Amino acid sequence: MTMLQDRPTDTKLISKVPDGALADKWDNFKANAKLVNPSNKRKFKIIVVGTGLAGASAAASLAELGYRVDAFTFHDSPRRAHSIAAQGGINAAKNYQGDGDSVSRLFTDTIKGGDFRSREGNVYRLAQVSVNIIDQMVAQGVPFAREYGGLLDNRSFGGAQVSRTFYARGQTGQQLLLGAYQQLSRQIGLGGVRLFNRCELVDIVVIDGRAAGIVTRDLLTGELTSHAAHAVVLATGGYGNAYYLSTNAMNCNVTAAWRAHQRGAYFANPCYTQIHPTCIPQADETQSKLTLMSESLRNDGRVWVPKNFDENRAAHEIPEQDRDYFLERLYPAYGNLAPRDISSRAAKRLVDKGLGVGPLKNGVYLDFAEAIGRLGRPVVEERYGNLFEMYERIAGENPYDQPMRIYPATHYTMGGLWVDYELQTTIPGLYAAGEANFSDHGTNRLGASALMQGLADGYFVLPYTISNGLAPLLNKTVPGTDHPEFKRVETEAKVRFQGYLNVKGTRSPDYFHRELGKLIWDYCGMERDRNGLEKALTEIPALYSEFKTDLRVTGTGEGINQTLEKAGRVDDFFQLGTLMCKDALTREESAGGHFRVEYQTEEGEAVRDDENFCHVAAWEWTGDENNATRHEEQLTFETAQLATRSYK
Amino acid sequence: MTHSVSNLTLKVWRQNGPADKGQFETHVIESITDEASFLEMLDVLNERLIGENKEAIVFDHDCREGICGTCSLMINGQAHGPQRGSTTCQLHMRSFKDDDTIVIEPWRANAFPIIKDLMVDRAAFDRIVESGGFITSPTGGAPDANLIPVPKPVADAAMDAAACIGCGACVAACPNSAANLFVGAKITHLNLLPQGQAERYKRAEAMVDKMDEHFGSCTNHGECSAACPKEISLDVIALMNKDYRSAKFKNRKQLSRK
Ligand SMILES: Cc1cc2nc3c(=O)[nH]c(=O)nc-3n(C[C@H](O)[C@H](O)[C@H](O)COP(=O)(O)OP(=O)(O)OC[C@H]3O[C@@H](n4cnc5c(N)ncnc54)[C@H](O)[C@@H]3O)c2cc1C
Ligand code: SF4
Ligand code: FES
């Protein structure tokens, strides 16, 4: 066992990873978990917030078991959750290609990809249940890509040397979500799940130290309502939109997780954010979001920039000797499939140097000419046709004739609510699943592993761990919505929303979001350093006070008001942004997506500090966003060898 | 090089709630870069409205990359605007010329009541899926995925139908407000696959009957497929009709056996 630190883990941060060899832990947990017998399940009410992959799969599975489930989404339909936008694929250790994959290889790749900052027990379980996910989704009718013989096809993704990624054209997230949505819909039709759509969680109610329920705002009427339950699951997605420009859908936000944080749930590793290397570069100042081009494109596309600073020829006129295929040059073993953080930084450095391409010189080329030559256009079209079309629609250029232009953009957040092995937060009875929790990806998530984790949490982990948590509550009464605490929290929410309307300043919520996003991107984006982070920690609070005195929300609190919704979300992003910078400042090492300029090798690779930072940083809310308290969960590695990540 | 489009006259539908009568409101966009998407143009307009202390125009949107199905809008009478095979969020201002007049309306169909301005309620689609748009396979009991081989052409055809994003453009474009393309797409996706056979006829019957409670009937105009951002083929309607007929026949036979 590698135990580098003699620092203690905070008492609230006991991971509850079961005993036994790594491979036996999950079986041991299941063997010892308490169960609720079928006829008693009806006695329990579970609230699931979010209907993305994690939420829809959890709600459907829990209802199938017999629990009464209330599902909430701010979308008009569960099918619109942001999971729908995932393109590339989902990993599973099926080894259908016979290329040497296994549960332990997927485990090792994930631990290494996360730069040794994730919890072994959770990651191993994830790799184990990955195989069940594919079975489950095929049974639901997900039309995964097939070989001519009718068996499932695979492709490879960054950070792996095997082909373990299952996909449905460039719409894997869509097809998986529709599978989970349909399963959820069946339960809604049967009455096992009650659906609350266009309904936003605005606070969490904690009574006697336990999650007692939530307060929601009906987006169509503005009405605030309390909901009580025996357990609450937050599957509310990631917080990448803190950066304003990101590949996330416009409405993704941190509100649910942040409210939980303010009510006592620790927030883990907020500075671990992922920048995806292949997005379409920003085109102009009206840009509202960035579009991802699936990482799968790097299977056949070659990334390059011109060697000459004053290059002004069109891409196809630049001869081979004047091109720098920098990923192949720097990382020969993985080449264009080097992991996301590494590929992103390599591109940023060249663009910063002035070697960028495109009208704003803010991108690098992703070139398919060689692939089209080798495979023929029909094969390339079959593999990537819809992505090429999407690119052409946005950029106005045809990637069959000229290389795509790409640049890194914020894409995913590894940080999130701290959870133990049972996916329970530091508030008993409150669980977090999917991108909303922090658990499995360390400092860097591998491509195609978020879909895997969301479905693992919802289908195969929560149903067991929630039963374990609920069994002791059988026949005990839990507080109902008539408890005064519900009324108190409702009133607080009412005051908060009225407060936004009352400022009557001059700037819209979007203005503040854009300005805040720029600060976080500049100081807490792809590269961070002490100076910048300290600057951010004075500039963000300054902008935040402006927000509080100069915000303008038009319209009223009754009826639909998207400006008001946005104001609430931006408010929470301000507080989160502060915590992200603080977390980045206190983590004095570079690891995966967290790259501190001060800690790098001469070649510019990340330098970890296992002596002092082999831990999860989990932040406790103290009532003031500038003064959160930092706690540590020490990470121990029994199986994986702590090593310098190398993709050379 | 970036270019811009200037002097656009927008006629935008404003309706303050389901009961309100609603009317067009005119706004002029002096100039906007042609790299901006259509929805980004509306963002710019909304910023301006807030600046003038007015309420922003309400419209549905989320992913802005053509996959979530949240955005809608009739643009100059066309569902999702003039660009074929794409959603409103994927439409860029380079599709418009200086001095154009652009009429922007919500989906109009009885089954999609207007909530406010350009936002409508498409919950009827969810009700149809709840009635049968799934394969019953509770978590945990699935066999190994490769035990169910699916011939590639079948998987591909199922995928073509499964690409539907549930946006409702087909309904909005149809003179009868029929939902046959949407429902046909889901039935085709599931009924083509070996996994979907057990519930094939039950599914067709339940979904079509539920559809008929909410939507108008199809008279083969084909406007739906022309407006569909995913270019779902009219063939899905044929398959749906065939399975629905067989379902009625089979169910009658079962009834007579009782
Ligand atoms: C463009 C793009 C492509 C991607 N491609 C891949 C890929 O190929 N492979 C891969 O593995 N991963 C991919 N990812 C990452 C992956 O899609 C996400 O991490 C994952 O889908 C998140 O799922 P989720 O269930 O946790 O949350 P989401 O799908 O984001 O769902 C969140 C849900 O919570 C609800 N919600 C949130 N807040 C509230 C609130 N306050 N009140 C009520 N409801 C609320 C929302 O309505 C929604 O239903 C991609 C991400 C992006 C942005
Ligand atoms: S069939 Fe086409 S137009 Fe109709 S809902 Fe589906 S994607 Fe939209
Ligand atoms: S906003 Fe998602 S499809 Fe247009």
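How many residues lie between strand 6 and strand 7 of chain A in their hairpin? Two residues do. The model is predicted: local features need pLDDT of at least 70, side-chain atom pairs count only at pLDDT 80 or more, and totals for chains, interfaces and linings use all residues. Residues are numbered from 1 along each chain as its sequence is written, chains are lettered from A and ligands numbered from 1 in the order in which they are written, and side-chain values use heavy atoms, with hydrogens and water left out.

**View 1. The hairpin of strand 6 (residues 199-207) and strand 7 of chain A.** The two strands pair in the antiparallel sense over eight bridges; strands pair if DSSP finds at least two bridges between them. Strands (E, at least two residues) and helices (H or I, at least four) are DSSP runs, numbered from the N terminus. A:Val205 has A:Gly213 of strand 7 as its bridge partner. In the turn, A:Asp208 has a positive phi of about 50°.

**View 2. Strand 7 (residues 210-218) and strand 8 (residues 224-228) of chain A.** Five bridges join these antiparallel strands, and A:Val215 stands opposite A:Ser226. Their hairpin has five residues between the strands, with A:Gly222 in the turn at a positive phi of about 80°. Seven of the nine residues of strand 7 are buried (under 20% relative accessible area, 1.4 Å probe, protein chains only).

**View 3. An open sheet of five strands in chain A.** The order is 11-15-14-12-13, with antiparallel pairing. Strand 11 (273-279) and strand 13 (323-324) are the edge strands, each pairing on one side only.

Note on methods:
Buried means under 20% relative accessible area, exposed over 50%, partly exposed in between (1.4 Å probe, protein chains only).
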